[in-house]
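Subject: Structure handover, with notes on what was found

Dear colleague,

I am passing on the structure shown just below, and I would ask you to keep it open while you read.

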Amino acid sequence: MSVAVPILRTAEEVRTTVDEWRRSGRTIGFVPTMGALHEGHLSLISKAFDHADSVIVSIFVNPVQFCPDEDFESYPRTIRDDINKLEYAGADAVFIPEKDLVYPEGFSTSVHVSNLTDTLCGKQRPGHFDGVATVCAILFGIVQPDIAVFGRKDAQQLAVIKRMILDLRFDIRIIGADIYRERDGLAMSSRNRYLRPAERMQATALYRGLSRAAELACKGERDTALLCQTARRIIEESPLAVIQYLEIVDQETMKPVESLDAPGLLAVAVHFGKTRLIDNIVIDPGANYKED
Ligand code: AMP
């Protein structure tokens, strides 16, 4: 049976709750989200429980990480359903702040993590990672967790947050969680619900393309141009797929790599109609390939 999850609306409520947990000797795990929760998010909560005693989740659709032409207004907001899922997952509290609490009048700060935001999504979505880093810095300041869990689906975001933590000396351990997929391989995303039936069917090409490249790398192929070409060809067999980027990058710096002497990250962004999907896979020339 699930227990009602306390809903916290203010920074003071969060502080009181977290302080109480701490006083009773508990460590604090934090999972920031924008809501419209799916099993991928729930897997992050479960991961947080592997590393902390109490887990708090935040739900905040962060306006400053959306570009002007993006879907901030129409981003799915399913708060009732989200709370049910959090109860089922056993989260200890959910923080749902209003916009004015996060960005009060006069707010003037932006956190910019340079270098690793020049490529991939950073290049395509100017200002996006400043918005992400800024909101995470604010939320970390309010929650002050011991650990925070982020999905590897947003691999560049994970790298940006790790860098920020290091540079700004936040005393928080950042933990990456594996990509959670539908049975047919499509990475779960709050935006998948935008896909029309034909787009949804064709979207499975992303994982097929990525997996094929990973498989070739495991069998010894180190030429990143060839691996990218292979993935691209498979994805482009889906007529509705429009690739925005497809690159193999270093997992920490997010800079392109030409030859695979160490594991790299094959990252892709694809438009299906108005919906933009991202996905990635680790390309490891040293790994042994295993059929699923
Ligand atoms: P979002 O609500 O989209 O901002 O995502 C909140 C967190 O969930 C981020 O750390 C994402 O990387 C993570 N996440 C979203 N989808 C998945 C997925 N399919 N598998 C693992 N983590 C995910």
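Predicted model: local features only at pLDDT ≥ 70, side-chain atom pairs only at ≥ 80, totals over all residues.

Two strands are said to pair if DSSP finds at least two bridges between them.

The sheets

S3 and S4 belong to an open sheet of 6 strands, whose order is S1-S4-S3-S2-S5-S6 and whose pairing is parallel. At its edges stand strand S1 (7–8) and strand S6 (173–177), each with a single partner strand, so one side of each is left without a neighbour in the sheet. As background, strands of a sheet pair through backbone hydrogen bonds, and they may do this in either a parallel or an antiparallel way.

There is also an open sheet of 3 strands, in the order S7-S8-S9, and here the pairing is antiparallel. Its edge strands are strand S7 (241–249) and strand S9 (275–283), each of which pairs on one side only, and the twist from one strand to the next averages 15 degrees. S7 and strand S8 (residues 264–272) run antiparallel and are joined by 8 bridges, and Ala-241 stands opposite Phe-272 in S8.

Helices on the sheet of S7, S8 and S9

Helix H9 lies across S8 and S9, running at about 15 degrees to S9, while helix H10 lies across S7, S8 and S9, running at about 160 degrees to S7. How do the axes of H9 and H10 cross? The axes of H9 (residues 205–218) and H10 (residues 224–236) come within 8 Å and cross at roughly 155 degrees, which makes H9 roughly antiparallel to H10. The crossing is right-handed, and the residues that make the contact include Leu-206, Leu-210 and Ala-213 of H9 together with Leu-227, Ala-231 and Ile-234 of H10. By class, the residues of this contact divide into 10 nonpolar, 2 polar and 2 charged.

Two further helix pairs

Helix H6 (residues 128–143) packs against helix H7 (residues 155–167) at an angle of about 50 degrees, with their axes 10 Å apart, and the two helices are therefore oblique to each other. Their crossing is right-handed, and among the residues in the contact are Phe-129, Val-132 and Phe-140 of H6 and Val-160, Ile-161 and Met-164 of H7. The residues of this contact comprise 10 nonpolar, 2 polar and no charged.

For helix H2 (residues 39–51) and helix H3 (residues 79–89), the axes come within 10 Å and cross at roughly 35 degrees, again in a right-handed crossing. The contact is made by Leu-42, Ile-45 and Phe-49 of H2 and by Lys-85, Leu-86, Tyr-88 and Ala-89 of H3. By class these are 6 nonpolar, no polar and 1 charged residues.

The division of the chain

Finally, the chain is divided into domain 1 (7–177) and domain 2 (190–283). The centres of domain 1 and domain 2, taken over C-alpha atoms, are separated by 26 Å, and the contact takes 24 residues from domain 1 and 19 residues from domain 2.

Key
Residues numbered from 1 in each chain as written. Heavy atoms only, no water. Axes fitted to C-alpha atoms, helices over the stretch in contact; angles between N-to-C directions. Helix = DSSP H or I, 4+ residues; strand = E, 2+ residues; numbered from the N terminus. Parallel < 35°, antiparallel > 145°, perpendicular 65-115°, else oblique. Left-handed = near helix turned anticlockwise from the far one by under 90°. Contact = heavy atoms within 4.5 Å. Nonpolar A, V, L, I, M, F, W, Y, C, P; charged D, E, K, R; others polar. Domains from an automatic or database assignment.
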